[in-house]
Amino acid sequence: MNRLSSIRRHFTPSQINIYFSIVCFFSPPVLGSVVSFVFSGGALWSVLLLAVKRRRFNIDRPMLAMTVAIYAYCAAMILASIVNNTLRADAVYFLPLITLLFFPLSYSTWSITEKATLVRIVVLASMAACFGALALAIVQYYWLGMRAEGGAGNAIVFATVACLSVMMCLAGALSGIERVWKPLILAALAGAVAIVCSGSRIIWLAMLIAGIAVLLINRRKLTGKNSMRLLLIAAGIGLVIAAVGFPIILERADFLFSDWDALNSKGDHSTALGLRVALWQIGLGAFREMPIFGHGIAASRDLMHQGFQDQFGMDRGFSHFHNGFLTVMVEAGILGAIALAGIFVVAARNAARVLRISADPLERFGATMLVVTVITYLIGGLTGILVGHDILDSTLMVFLVGGTYLASGRQQPLPVASAVD
């Protein structure tokens, strides 16, 4: 009987939420698509719990604003297909939207966790993720001779989600939430080196800007001895990254300049940079043809393939235009782009309000989550995918749910029956 009671204590609603949160914040860089299965599975479980009244729907004003923005984007994508009469062709491409639609459901279940507990999970799981990302990066880059892709199977996606983990470690160390800060700084360094090994130049920029943002948010704590200690740590981290990453950075910079020279002097669009420029030209042309509602999701793939043949004499095809907003502008027009921008505007606005009026370290940590998510995704989306990839979409929802709840949400009490279980 005692053994059964012990097992039941490990599977209470609150404890299950803890296990779920650990996997969600640890898995993106290390286990890749596992985060998609876990997040979606948790959301479906939330639907069931809400249906049988084992959870209450938690409606906070910031959460409601975020939900409206997300649902407006999904509606814009579907509207584009209706206008273009491509619903049947686009139906299979609507599946990623389901991940975004889960936002309010996941929020309602996730918000039964105490904020202090969730913050500790975010920080420690991110720390483990950074060390795991470095281990995979070393194997992939130095042993297998490939760009580090972690568990994501894509260098840019790996670098994007690893960047979020690095920032959570940095925020945990600087905010004073975790007193044992040295392992967090070491983990942030490990994650940064893994990102360098990915060769994802745009995420290098995102990591730099997001890191500065985290420093500015926590600047009040960086006084006296703390500021000198931080300066020495930053110098040490910079030296380590420079020593380990200099050959990689030099190689990637050389590729960039070589591609630029080939594009300008020979009009060569077969390089990585040339292909992106070609995609942007094709995308802008397609957007001008149907600027309001776009062409629909499936049509954009045909436009890319046809554009490469007609304009560049190449038989190439892609699933996106290597710019998140341009992809949406082609698929759903200016309405879709405005709706997508609205998601990040709402997140930034929620974060700014909390950082302006709140001194609570847990709320400020949640706002920091939102800020670094906005920075990382928007910068990464300049030359890659913004939404529409299973790992990126699930991770975006994990950080938007967690950040919104911590920053400005209220903890949701369990119904009496569930609390007793």
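Modeller: A residue is called buried when its relative accessible area is under 20%. Of the chain's 421 residues, 54% count as buried. Keep in mind that this is a predicted model.

Biologist: How many helices and strands are there in the chain?

Modeller: The chain has 18 helices and zero strands. Its radius of gyration is 22 Å, close to the 22 Å that the globule rule gives for 421 residues, so the chain is as compact as a globular protein of that length.

Biologist: What box do the C-alpha atoms fill?

Modeller: Roughly 70 × 55 × 45 Å, taken along the principal axes.

Biologist: On to aromatics. How many aromatic pairs does the count come to?

Modeller: Eight aromatic pairs. Take Phe 25 and Trp 110: their ring centres are 6.1 Å apart and their planes are at 50 degrees, so this pair is tilted.

Biologist: Where do Phe 25 and Trp 110 lie?

Modeller: Phe 25 is in helix α2 (residues 13–31) and Trp 110 is in helix α7 (residues 103–110). The pair therefore ties together parts that are 85 residues apart in sequence.

Biologist: Are Phe 25 and Trp 110 buried or exposed?

Modeller: Both Phe 25 and Trp 110 are buried. They also belong to one aromatic cluster with Phe 20 and Phe 399.

Biologist: What about Phe 103 and Tyr 107?

Modeller: Phe 103 and Tyr 107 form a tilted aromatic pair, 6.2 Å centre to centre, with 35 degrees between the planes. They are four residues apart in helix α7, so about one helical turn separates them.

Biologist: Why do Phe 103 and Tyr 107 count as buried?

Modeller: Phe 103 counts as buried because its relative accessibility is 0%. Tyr 107 counts as buried because its relative accessibility is 0%.

Biologist: Which ring does the charged end of Arg 301 sit over?

Modeller: The ring of Tyr 93, with the charged end of Arg 301 4.2 Å from the ring centre. Lys 115 has a charged end over a ring as well: that of Tyr 405, 5.5 Å from its centre.

Biologist: Switching to the surface. Which residues form the nonpolar patch?

Modeller: Ile 78, Leu 79, Ile 82, Val 83, Leu 87, Ile 292, Ile 334, Leu 335 and Ile 338. Together they have about 720 Å² of accessible area.

Biologist: Which helices supply at least two residues each?

Modeller: α4 (61–83) and α15 (324–357). The largest share, four residues, comes from α4.

Biologist: And where is Leu 87?

Modeller: Leu 87 is in helix α5 (residues 87–90). Its relative accessible area is 40%, so Leu 87 is partly exposed.

Biologist: Last topic, backbone angles. What is the phi of Asn 85?

Modeller: About 55 degrees, a positive phi although Asn 85 is not a glycine. Asn 85 is in the loop between α4 and α5. With a relative accessible area of 70%, Asn 85 is exposed.

Biologist: What about phi of His 322?

Modeller: His 322 has a phi near 55 degrees, a positive value in a residue other than glycine. His 322 sits in the loop between α14 (297–312) and α15.

Biologist: Is His 322 buried or exposed?

Modeller: His 322 counts as buried, because its relative accessibility is 14% and the cut-off for buried is under 20%.

Notes:
Residues are numbered from 1 along each chain as its sequence is written. This is a predicted model: local features need pLDDT of at least 70, side-chain atom pairs count only at pLDDT 80 or more; totals for chains, interfaces and linings use all residues. Side-chain values use heavy atoms; hydrogens and water are left out. Rings of Phe, Tyr and Trp (its six-membered ring) pair if their centres lie within 6.5 Å; planes under 30 degrees apart count as stacked, over 60 as edge-to-face and the rest as tilted. Buried means under 20% relative accessible area, exposed over 50%, partly exposed in between (1.4 Å probe, protein chains only). A charge sits over a ring if NZ of Lys or CZ of Arg is within 6 Å of the ring centre and within 35 degrees of the ring normal. Patches are made of residues with over 30% relative accessible area and no salt bridge: like charges are joined within 9 Å, nonpolar side chains (Val, Leu, Ile, Met, Phe, Trp, Tyr) within 5 Å. Accessible areas come from the Shrake-Rupley method with a 1.4 Å probe; for residues, only the protein chains shown count as cover. A salt bridge is a side-chain nitrogen of Lys or Arg within 4 Å of a carboxyl oxygen of Asp or Glu. The radius of gyration is taken over C-alpha atoms; the globule rule is 2.2 Å times the number of residues to the power 0.38.
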